[in-house]
Amino acid sequence: MDLLTLETPSLVLDISKIKRNITHIHKRMEKLGINLRPHGKTAKNIDVIKIALDGQAGGITVSTLKEAEYYFSHGIIDIVYAVGIAPVKLDRIAGLIKKGANITLILDSIEQVKFVAAKGQQYDLNIPVLIELDCDGHRSGVTLDDSLLLDIGHMLNREKGVMMSGVLTHAGESYQCKSVEEIRVLAKIERDMAVKCSEILRQNGLPCPIVSVGSTPTANFAEDLTGVTEVRAGVFMFYDLVMAGLGVCDKSDIAISVLTSIIGHQKRKGWVITDAGWMALSRDRGTASQKVDQGSGLVCNVEGDPLNDLIVSSTNQEHGIISDRSKKEIAWESFGIGSMVRILPNHACATGAMYDRYYITDGSTEIIDVWHRINGW
Ligand SMILES: Cc1ncc(COP(=O)(O)O)c(C=O)c1O
């Protein structure tokens with residue numbers, strides 16, 4: 001089957017690019033002497049995660065319990081659920097642990113230790129827990145100078161129903177960096193903070209076997225990860241325009257694209273109308289704050305080659321509007337009504353979430369496989 005026979009919009013993945021992107025990070029990790037704990041939230045698909053786990057220790061990261069259940073049903077046991085824990089999720093987590101999954105939770109408050117410990121006792125489990133650290137002011141976590149680090153550590157070590165397993169941080173601010181040099185600096189801050197916290201915990205008699213760091217930008221530019229035990233990253237498998245804008249990858253590395261049909265011309269406005277609106281591309285406008293704003297996506301021909309200045313400049317629910325940002329006249333004959341183009345997305349995870357399957361290609365328009373993906377919570 002060929003892409004040109006598909007209903008649009010559809011989601012396309014180029015398998016060679018995925019393998020190349022993953023191999024690049026595997027080689028980096030090997031050089032740094034560290035294990036990759038791939039994040040399952042980008043692909044939400046077992047075939048991609050199997051490639052990412054090749055040669056690694058076997059553990060993954062997830063961002064939803066649906067991912068945890070899905071990957072566990074495909075034989076992955078060691079799972080870090082890397083979103084701060086809420087009490088309403090604990091019965092489901094206990095159920096997974098009872099079935100044999102090794103689920104590790106993250107938290108950054110005494111309240112969370114209390115309800116996790118109570119649930120662990122109720123189910124006769126010792127639920128493994130990492131203390132979430134805030135290395136860059138991005139979102140959540142305990143800061144280096146906060147006595148909460150030791151308070152949580154001692155409580156996790158003392159209470160029944162929980163097990164103190166280490167620390168975890170995510171340099172999410174790396175998405176805002178303005179240069180590769182800034183990413184390198186942040187990667188060092190991420191590593192140094194996590195290692196320092198692990199030392200403080202150990203100096204106070206507390207166990208800290210896991211020191212977990214990671215984001216796609218810092219995983220690409222970290223120079224020394226001494227003292228860290230694992231790196232988490234997800235977007236690197238597919239990449240996207242935000243990562244290309246940051247200088248983390250090249251546009252030609254982006255493995256994910258949306259196939260869309262051209263459904264109209266507005267010649268007087270210089271607009272090509274497509275059937276990929278924000279339901280197909282997502283509302284993510286991550287490149288809006290970067291040097292080059294790619295609108296809601298960069299237009300490629302159906303073979304997947306980017307077409308210079310053509311971007312999706314505006315979207316409605318089921319309509320996309322393509323225009324030329326340099327205001328050049330559109331070559332209308334190349335965008336006939338009923339023909340197709342592909343769009344590189346701003347954010348791979350957000351665009352992927354709109355679809356239930358990937359059409360797999362390998363450099364041409366031939367579809368060589370169809371891979372399922374999960375969504376929801
Ligand atoms: C806690 C945590 N770890 C790791 C990652 C992976 O980072 P990236 O999406 O840059 O690959 C994320 C992403 O949001 C995250 O929230």
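Me: Which residues have the most contacts inside the largest nonpolar core, and how many residues does that core have?

Reply: This is a predicted model, and in it the largest nonpolar core has 116 residues, with I93, I103, L105, V116, I131 and F238 having the most contacts inside it. The largest share, nine residues, comes from α7, and the core draws at least three residues from each of domain 1 (3–10 + 255–372) and domain 2 (34–237). In soluble globular proteins, nonpolar side chains tend to be buried together.

Me: Why is strand β15 called largely enclosed?

Reply: Buried means under 20% relative accessible area, and five of the five residues of β15 (residues 340–344) are buried, so the strand is largely enclosed by the rest of the structure. Both faces are covered, with M340, R342 and L344 buried on one side and V341 and I343 buried on the other.

Me: How do you know that β10 and β12 pair with β15, and in which sense do they run?

Reply: Pairing requires at least two bridges between two strands. Strand β10 (residues 256–266) has four bridges with β15 and strand β12 (residues 298–300) has three, both in the antiparallel sense, so each pair meets the criterion. R342 in β15 stands opposite L259, and R342 is also the bridge partner of C300.

Me: What makes β2 and β3 the edge strands of the eight-stranded sheet?

Reply: The sheet is open, with parallel pairing in the order β2-β9-β8-β7-β6-β5-β4-β3, and β2 (35–38) and β3 (60–62) each pair on one side only, which is what the edge strands do here. Neighbouring strands of this sheet are turned by 30° against each other on average, direction ignored. Within the sheet, β6 (residues 127–133) and β7 (residues 162–169) pair in the parallel sense over seven bridges, and V129 has M164 in β7 as its bridge partner. Helix α7 (residues 180–203) lies across β6, β7 and β8 (210–213), running at about 160° to β8.

Me: How many residues of domain 1 and of domain 2 are in contact with each other, and how much area do the domains bury?

Reply: Eight residues of domain 1 are in contact with 13 residues of domain 2. The two domains bury about 770 Å² between them, 55% of it on carbon and sulfur atoms. In domain 1, C349, Y358 and W371 lose the most area to domain 2, together 55% of what that side buries. The centres of the two domains, taken over C-alpha atoms, are separated by 35 Å.

Me: Which residues of helix α3 are called buried, and what do they pack against?

Reply: In α3 (residues 65–73), L65, E67, A68, Y70, Y71 and F72 are buried, that is, under 20% relative accessible area. The buried residues of α3 pack against α2 (46–53), β3, β4 (78–81), α4 (90–98), β5 (102–107) and β17 (369–372). Just after α3, G75 takes a positive phi of about 95°.

Conventions: Residues numbered from 1 in each chain as written. Predicted model: local features only at pLDDT ≥ 70, side-chain atom pairs only at ≥ 80, totals over all residues. Heavy atoms only, no water. Buried < 20%, exposed > 50% of the residue type's maximum accessible area, 1.4 Å probe, protein only. Helix = DSSP H or I, 4+ residues; strand = E, 2+ residues; numbered from the N terminus. Axes fitted to C-alpha atoms, helices over the stretch in contact; angles between N-to-C directions. Contact = heavy atoms within 4.5 Å. Core = buried A, V, L, I, M, F, W, Y, C linked by side-chain atoms within 4.5 Å. Domains from an automatic or database assignment. Buried area = accessible area lost by both parts, 1.4 Å probe.
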